[in-house]
Amino acid sequence: MHFPPRRVIPVPTNLGLAIAGSAIALAIFAPLPNLAAADPADSVAFFESRIRPVLVQRCYGCHSVDADEIGGSLLLDSSGGMLTGGDSGAAIEPGDAEASMLVSALRYESSEMPPDEQLPDHVVDDFVRWINAGATDPRKGDAGPLPKREAIDLEAGRQFWSFQPIGAFSDFSPRSTQDPIPTEHLPTEHRQGLIDMHLLASMRSAGIESANESAAPATRLRRLAFDLTGLPPSEEVMQTWLADPSDSAWARLVESYLASPEYAQHWARHWMDVARYADSNGSDFNATFHEAWRYRDYLIESMAMDRPFDQMIHQQVAGDLLPAENDKQRYDNIVASTFLMLGTKMLSERDKAKLTLDVVDEQIDTIGRAFLGMTLGCVRCHDHKFDPIPTEDYYALAGIFKSTVTLKGESQQYVSTWNRVPLPTSKEHRDAVEQFKVAESKLKKQISESEKQIKRLKSSGAASLEGIIIDDADAIKSGTWKSSTFFKEFVGPGYVHDDNMNKGKATITFQTRVPKSGEYEVRFAYSPNPSRASNVPVTITSADGQHNVTVDQRRAPIQAIWASLGKFRFTTESDAVIVVSNKDTTGYVIADAIQLIGTDDATTKPDSSKSETASKALAAANEQLERLKSELKTLQSKRPTPLPEAMAPSDAATPKIGDSRVHIRGEVNNLGDVVPRGFLQVCSGSDSSIKDPVGSGRLELAAWLTDPDNPLVARVFVNRVWMHLMGEGIVRTVDNFGQRGERPSHPALLDDLATEFIRGGWHIKPLIRKIVMSQAYSRSSEFVPQSYAIDPENRLLWRGHRRRLPAESIRDTMLALAGELDKRGRTQPMKGRGTLVSSNNADSKATFAGVAETCRSIFIPVVRSYVPPLMSSLDAADPDLLVGRRPTTNVPSQALVLINSPDVNRWAEKTAQRIMQQYHEFDDRLMATYQNCLSRAPRQQDREIASEFFGGQADSAEHWHEFIAAIFAGTEFRLLD
Amino acid sequence: MTKHVLSRRDFGVYSSFAMGSLAVSAFAPTGRLAAAPAVTTPHHRPRAKRVIFLFMHGGPSHVDTFDYKPLLARDDGKDLPFALPANISAKPKLMNGPWKFKRRGESGLWVSDLLPGMASIADSLCVIRSMHTKGQSHGQAVGMINTGSDNLVRPSVGAWVSYALGSDHPDLPAHVAIGPATAHGGPRNYGSAFLPAMHQATVVGSNGKPGDGKIAHLDGPVSGPRIERRFDLVQKLNSHHLEVAGPDREIEGAIEAVDLASRMRLAAPEIFDLQRESEQTRREYGIGESKTDSFGRSCLLARRLAEAGVRFITVSSGQVWDQHGNLKAGHEKNAATTDLPVTTLIRDLKRRGLWDDTLVVWGGEFGRTPVVQGSNGRDHNPQGFSVVLSGGGVKSGFAFGETDDYGYFARRDRVHMHDLHATILHQLGIDHERLTYRYAGRDFRLTDVHGNVVQDVLA
């Protein structure tokens, strides 16, 4: 919402308040007890003196018909306006202030109004009283004319090109036009494919005489090799091809590249851009995505086996819900649904309701752009301003994702973590893990018991306390005594208390016979606390008769729990008896233990037999503990590998599955109507809601996305493939097929390709094959002024687009030339990382496997916030965003990293060394340099530049190093002609 | 007033080819040059040419620095008389801070003893005491202050300024971040998101420290005449490629980028060399003293970059101001490292006549609670806090807005983070509602659909 700065609102003369703005402010904010007493809250006078001035002064700026922009479509300048309300519904409920939106806004509980400053409490109270008294309002009834937003006309919206059924434009195909293509425009017979017919027709009607010829064979091969595998052609393949650059040889090349593992790696990376793939969360709390790599490998495998794309959509949107025939299928299904989880999230958001909405929003936005080419993010707050997508459609989808568990639990206070789903594994593995768990928990329990026993032995007095101990457990109780261990310091297994009840009816008698006659100090153990009795009577019967002592249990003078009762003489002839009573006490009476400690020569001699037994018992217990601990250690050293799990969603528990309410303006607590779960109305038949959804509705969503009648999904995907091969999409805004996106240059071609794609079973390889076999794919990028004058942007593809290689290809090529490239895959790139990829403080110095590794770039972990400068400066996809089409930038930092980074420098040096070792003549070395780095032979001018640079020092390693380094940093190396 | 970083210029030795009219039109088929400023004519009279943002990461306590609340002393240890916001770990028990507040300078601005340096220049400061923002945790609030969004990926303030105005130096980037944090969003807080990549900050150092004080990869593994030869050969190869290829934006752009990189290599070392300052100046910034050396270097570098024409410079303290416990020791340590350099920076800008058109912004992502956390700390407080402005056409010795009696909630003349951003752009001559960039079918703004210029703080 927009809040203009506070303005002085002209005071309407009919108010009869001839005071200036500032005086009104004073009048509003000064408490006016007399007036309040004078005017009842349901009187017009109350409204005029207490309510209207506040509305005029503080609300009309944005909420009157004269406002520049009416906030939230809410008018407060008439009684009707207040009752009708705005986007959020009625502003007031007369008679019920608590239910009135206006009051919660003034209290800053829903929206915060007025935004610049909260009204004083007594003013808010006036509004409460006014509304509770019926909201008397003498102003004219009806709301002023509010410029109502026009409802979206879905039928009109369906006329837009991208919502038309696929095939709608095929009628305009050149095949069906009356005017046949003149033969001179046709390529050689066997290449008269669909693509070339469309493109040549469009060129012809634009007046472009002829398209460019095919590029030189070496150029064509370099293009094909990079486009299909992300790597340059090998020397052998180049030689074979140059010897026979025929159409059949081309077809064989295409097949061999499509079958290579490098193809799968390269094309998986394309979809990873769209899937905003990363191995960590980034954002505020850079949590490690330990399991994301499984999704990456799923994509590589999918490309390799040419998994149908409709199946991939099913798996990515609802894989966790799909039935599976075997474990492998189940694994793939679950891992594919990691797609929904990969977005960057503000995990430490403390308002979890808001966080959930933000996560759902990210998922809807991703699905919208990735599959539908629709920007749905803005529909969270209002109807789409350009496309026929009402807010209800957004919340129809939101219901599906709110019924899906993405976040689950917290990794620390306030910080959310995500859902995990166990993956299938062998029975042996599961059994081993289960057996281990049982054995481990059994040992741990034994250890804990053993530790307890040792503690008991130590504290029971037998081991640690001197003298004679009589525990409460061994005392004779009369009346009610309750056992307790609430306070943690005590002798023996616990202590007893009288529950502060039945005073005078409970006694506890500690009785023993001393081993030697003489004088003893008698001590009494209890846990002191202010809730205790301060006057506990204790009677001691000694050899000299009875003695009465009173104990204050609110304190304990000796150590933590002991108090001395005095010294008494006991004999071996009669028992020592100590009786604790709760007679006449206030507060809890505690009895834990009595201790007798000898104080004269006769009684202090240690009783060797007793302490010996005790220490033996303790030693045995200690020994057992050590043995158990060592057993546990041995067991844990043979811990089986943990059961595999995926970062994947689940459906919520049944009671939590349901439709979503509209969140007005996207606000968490501003709720509108419930919308049944469903899809976009504009590309659905009569009813877009799900009938009897099973679970969250993701299965139905996947089915809707892959329905051949869905006008967007196949078009959007085919267009992405086209862009990767031809340099630009038929729709250049590949993620936006809406009003704000570009229109297709060749709608009929797009439709034909999409139709064929669907009919062929959504296979990607045939689509790629079709495109790279066209004549258009092979056209040279040569600049032709006549064609340029007509079509400077090359929308009609009269030439090949010259384009930048992806960052991955640039790095991989350097590594390959340096002889370092290891094409093997890597798993578990984040193994060993903690919850966070790095500590979340200012001193973090985390490092990650980066460009210096020897693997292909796709296998370098994508750690958000730590994308290597070489990759980011060459426009690798920003993992924070969905990137359908990578930008191509030229910035000084890119030049600097290419020229000055230690890695590029090292690869250049190694490449130079290899070439120098392999060849010894200058011309051969130069030839090898150009062939290896640029897939072409040097031209005359190249030779001149080289000889000038070398200045006769043909054997200087330094010069070769510099020469290769310059080629690596040069434009030809990173551009694809 | 603006020289374009990547504007077309004479390529000198590298432009051996002739650029016909055709080539010129090929240069920019989509219209504007990528690097040309978006705002060629200011929307209104600018009051500042550049911004230095001193980011006090972690959240300094406003009630212990610039927002004097006498009731905190009176009610120390008592319960907060109103409800706490949701989701915080502090107790509802008020805690008076250990520092005395005094009226300072002729203006009588309240500043506590914690920041004696800033107190001594109170008459040059403009304190907004009614800031509020989104985000109870660092991540969100750091995103808000740096990018205007607490949850979504958006361009940073500096990227927007770079996009709007470009650099005022032919060989330097428009946007530099000194010592940015790797946590709480890391590069996102100085990134370009969907704006062209060149608007991302050029980074010097990390996590509150200027590091070696240099731009990365400006020097490489080889140096001297060798690196000169390498640059030279790259340009020769590129020029030749352009000749063969015909007019091509990508190749032309690359040639310019190498040219700029080369010139940056020559220009930057002098600008980044703090040794060129007098011994006395360096001492004034606290360079050479263990506590102030790091932040002093950062601030002096910021001044040199500002002087040279960099538009937006962020100097980060590192996430040090986050005293959930030990408020006294922690804040005193942070004050000891930052207060002197900040004070000297403002004085130095004045001395050099740069202060009038340099907007200095001092603040954290949020403030701290007036209630206690643990026994002697304060929790995060996005509901109300202070930000300090200086120079750049804002009032001096002036305080705007109020929090409640205890400093918890911004109450009077509330200023949202979006309003602060609108105000920063306004001082640079930019209307925040007119600075837009189309992405994913929508025109984006730094202030989203919010933001009002805080007219009351403008001089």
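Leaving aside neighbours within four places in sequence, A:F963 is in contact (heavy atoms within 4.5 Å) with A:L926, A:T929, A:Y930, A:A946, A:F949, A:F950 and B:L233. The structure is a predicted model, in which local features need pLDDT of at least 70 and side-chain atom pairs count only at pLDDT 80 or more, while totals for chains, interfaces and linings use all residues. Residues are numbered from 1 along each chain as its sequence is written, chains are lettered from A and ligands numbered from 1 in the order in which they are written, and side-chain values use heavy atoms, with hydrogens and water left out.

A:F963 is found in helix α33 of chain A; helices (H or I, at least four residues) and strands (E, at least two) are DSSP runs, numbered from the N terminus. The relative accessible area of A:F963 is 0%, so this residue is buried. The term buried means under 20% relative accessible area, exposed means over 50%, and partly exposed lies in between (1.4 Å probe, protein chains only). A:M647 is 316 residues from A:F963 along the chain, and the C-alpha atoms of the two are separated by 47 Å.

Helix α33 (residues 957–969) of chain A also holds A:H961, which is buried with a relative accessible area of 5%. The side chains of A:H961 and A:N905 are joined by a polar contact of 3.0 Å. Such a contact is a pair of N or O atoms within 3.5 Å; within protein, one must be able to donate a hydrogen and the other to accept it, and residues adjacent in sequence count only if both atoms are side-chain atoms. Not counting residues up to four places away in sequence, A:H961 touches A:N905, A:A908, A:E909 and A:A912, together with B:R226 and B:R230 of chain B.

Two helices were compared with their expected span, which is 1.5 Å times one less than the number of residues. Helix α9 (residues 217–229) of chain A has 13 residues and should span 18 Å, which agrees with the 18 Å between its end C-alpha atoms. Because 11 of its 13 residues are buried, α9(A) is largely enclosed by the rest of the structure. Among these buried residues are A:R220, A:L228 and A:T229. The helix is followed by A:G230, whose phi is positive, near 75°. A:L228 and A:T229 are touched by A:E262, which also touches A:L231, A:K823 and A:R856, not counting residues up to four places away in sequence. A:E262 itself lies in helix α12 (residues 261–274) of chain A and counts as buried at 14% relative accessibility.

Just after α9(B), B:G309 takes a positive phi of about 120°.

In soluble globular proteins, nonpolar side chains tend to be buried together. A nonpolar core is a set of buried Ala, Val, Leu, Ile, Met, Phe, Trp, Tyr and Cys residues joined through side-chain atoms within 4.5 Å. The largest such core has 134 residues, of which A:W271, A:Y295, A:F371, A:L701, A:L705, A:W722 and A:I768 touch the most other members. Helix α22 (residues 713–726) of chain A gives the most to this core, with 9 residues. Not counting residues up to four places away in sequence, the residues touched by A:Y295 include A:W271, A:V335 and A:F339. A second, separate core of 106 residues includes A:A895 as well as B:L114, B:I215 and B:I287.

Over all chains, 49 aromatic pairs were counted. Rings of Phe, Tyr and Trp (its six-membered ring) pair if their centres lie within 6.5 Å; planes under 30 degrees apart count as stacked, over 60 as edge-to-face and the rest as tilted. A:F160 and A:F163 form a tilted pair, at 6.1 Å centre to centre and 50° between the planes. An edge-to-face pair is formed by B:Y163 and B:Y437, with 5.4 Å between centres and 85° between the planes. B:Y163 lies in helix α5 (residues 157–165) of chain B and B:Y437 in strand β16 (residues 437–439) of chain B, so this pair ties together parts that are 274 residues apart in sequence.
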